[in-house]
There are 2 protein chains.
Amino acid sequence: MLEARWAEGKFLCIGLDVDATKLPESIRGSTIERTIVAFNRAIIDATKDLVCSYKPNIAFYESHGDQGMAALRETMAYIIEINPEIPVILDAKRGDIGNTNVQYALSAFEYLRADAITVHPYLGKESLLPFFEYVDKGVIVLSHTSNPGAAEVQELIVEGQPLYQKIAHLVSHEWNGNENCCVMVGATYPQQLKEVRAIVGDMPILVAGVGAQNGDLEKTVKYGLDSRKKGLMVNASRTIIFASREKDFADAARARAQELHDAITKAV
Amino acid sequence: MLEARWAEGKFLCIGLDVDATKLPESIRGSTIERTIVAFNRAIIDATKDLVCSYKPNIAFYESHGDQGMAALRETMAYIIEINPEIPVILDAKRGDIGNTNVQYALSAFEYLRADAITVHPYLGKESLLPFFEYVDKGVIVLSHTSNPGAAEVQELIVEGQPLYQKIAHLVSHEWNGNENCCVMVGATYPQQLKEVRAIVGDMPILVAGVGAQNGDLEKTVKYGLDSRKKGLMVNASRTIIFASREKDFADAARARAQELHDAITKAV
């Protein structure tokens, strides 16, 4: 599915991180579940021809409990309904022992019908097998995250290299037996992205943080593309979906998405 | 709350990991939500005087989507109702950037009303501030997990010590400004538990894996207790709650919990 999107020149991934404090007044429904679904449908309708993927972060739904989970399932079902060829990444950053990851995989791949999930590397390959074993699903492992304090742990030196590079090496050289792994790197760390690309070859990379976190778009594209000038998902969330908080929010989201799409195209 | 439980000689933490494939036929209700709540209430009623804490792992609820989340909230509300002095640890192993962890904290501490949450260390202190800032809640950071493949990443050598020790050092010496941090160690790695205890002083340690994962109970107590012979939560999940899958499941769970409580008392 990603290969088809890249062939169309689409690299933009829109993060559906529905912070309830930022939703436009005009969209509010009778319940938070209805409000979230209405908002997401409007954003998806306005941007669906510009994206290589959508990426809802489950935290923004969990904070609304059962209604949030229902809203997330409805959102993901809506994307499948309008275009089943757009992959949906569940940004969940899960990671537990194998017996428990079985349950997280059920949640992500069966209940929510995600095409991929983001996971923590800390418990090792053996713990992640329940995800890897879904051979038609993607497993995106955190390498270097976008937050200001990412270096504290991720740049500790192990075996002569920073931990995030060791993780990138493990994912690409030892964990990818089913060829369904990817890595995640923050756009706020372009040099580290370059290093990760050198390690993982043509493995897909999800890059987050080009929007509100001020990651460098040009360097993200330059350092993130694989040898075929593909293999990259560039995620922006807040800057697109909350481009306006007035009635024109969907149009504003489209305009911002188009702008980013054009900037990526130019950089590619 | 934990100090009061330890003063009563209680160290057992029961994991409410409601694997739907193992629930007794006799408890099945009209929906999975009703079934889970009925099961948990029976387990809690049968064991509430023996525990220092309960620890539901959210993965076993998420796999049932919105109904699972509602069942988890009802379960946690029930514990508060019968005895608000029993702390409830949400085993969620969360870890995202700060902006997103705000939402996870809302989910854990506001929607679910947990007293503590387990988290990943990979994104560093700065990312975890939204949890730490709930000064009356506990934040339990993974140090060395119980799974067979834990060493792959957690025992990589950084600055002359294995990563899990470096993490234990960061948590106890640099992240604990609000004095609400704990660490988590697997009972299947007693030597590593000993090392972590030496690093963290009298900080509480949550030890998982004495039950189905065959962790060594005697060594867990010997190496896990702090200098005051307190500071330890010993978790067992499957061996207690699924001790029987017949109508006597609650009695069987109590018997198994009593057995573990007695064995811990003897070892202490």
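**Notebook: helices, core and chain contact**

I began with α6(A), whose buried residues are Ser127(A), Leu128(A), Pro130(A), Phe131(A) and Phe132(A); I take a residue as buried if 20 or more other C-beta atoms lie within 10 Å of its own, as exposed if 12 or fewer, and as partly exposed in between, with C-beta atoms placed from the backbone. Helices (H or I, at least four residues) and strands (E, at least two) are DSSP runs numbered from the N terminus.

I note that this is a predicted model, in which local features need pLDDT of at least 70 and side-chain atom pairs count only at pLDDT 80 or more, while totals for chains, interfaces and linings use all residues. Residues are numbered from 1 along each chain as its sequence is written, and chains are lettered from A and ligands numbered from 1 in the order in which they are written.

I then looked up what the buried residues of α6(A) pack against, and found α5, β4 (116–119) and β5 (138–144) of chain A. In the loop between α6 and β5 of chain A I found Asp136(A), which counts as exposed because it has 8 C-beta neighbours inside 10 Å. The C-alpha atoms of Asp136(A) and Ile14(A) are separated by 22 Å, and the two residues are 122 apart along the chain.

Next I turned to the largest nonpolar core, which has 188 residues, and in which Ile140(A), Val183(A), Ile140(B) and Val183(B) touch the most other members; such a core is a set of buried Ala, Val, Leu, Ile, Met, Phe, Trp, Tyr and Cys residues joined through C-beta atoms within 7 Å. Leaving aside neighbours within four places in sequence, I list among the contacts of Val183(A) the residues Ile140(A), Ala168(A), Val196(A) and Met203(A), a contact being two C-beta atoms, placed from the backbone, within 7 Å.

For the helix pairs I recorded axes as lines fitted to C-alpha atoms, for helices over the stretch in contact, with angles from 0 to 180 degrees between N-to-C directions. The axes of α8 (residues 163–173) and α9 (residues 190–200) of chain A come within 9 Å and cross at roughly 30 degrees, which makes α8(A) roughly parallel to α9(A); angles under 35 degrees count as roughly parallel, over 145 as roughly antiparallel, 65 to 115 as roughly perpendicular and the rest as oblique. In this contact, Tyr164(A), Gln165(A), Ala168(A), His169(A) and Ser172(A) of α8(A) meet Gln192(A), Glu195(A), Val196(A), Ile199(A) and Val200(A) of α9(A).

For the contact between the chains, I recorded 44 residues from chain A and 43 residues from chain B. On the side of chain A that touches chain B, α5(A) gives the most, with seven residues.

Lastly I checked phi, keeping in mind that most residues other than glycine have a negative value. Glu159(A) has a positive phi near 50 degrees and lies in the loop between β6 and β7 (161–162) of chain A, where it counts as exposed, with 11 C-beta neighbours inside 10 Å. Arg113(B) likewise has a positive phi, near 60 degrees, and is placed in the loop between α5 (98–111) and β4 (116–119) of chain B; with 15 C-beta neighbours inside 10 Å, Arg113(B) counts as partly exposed.
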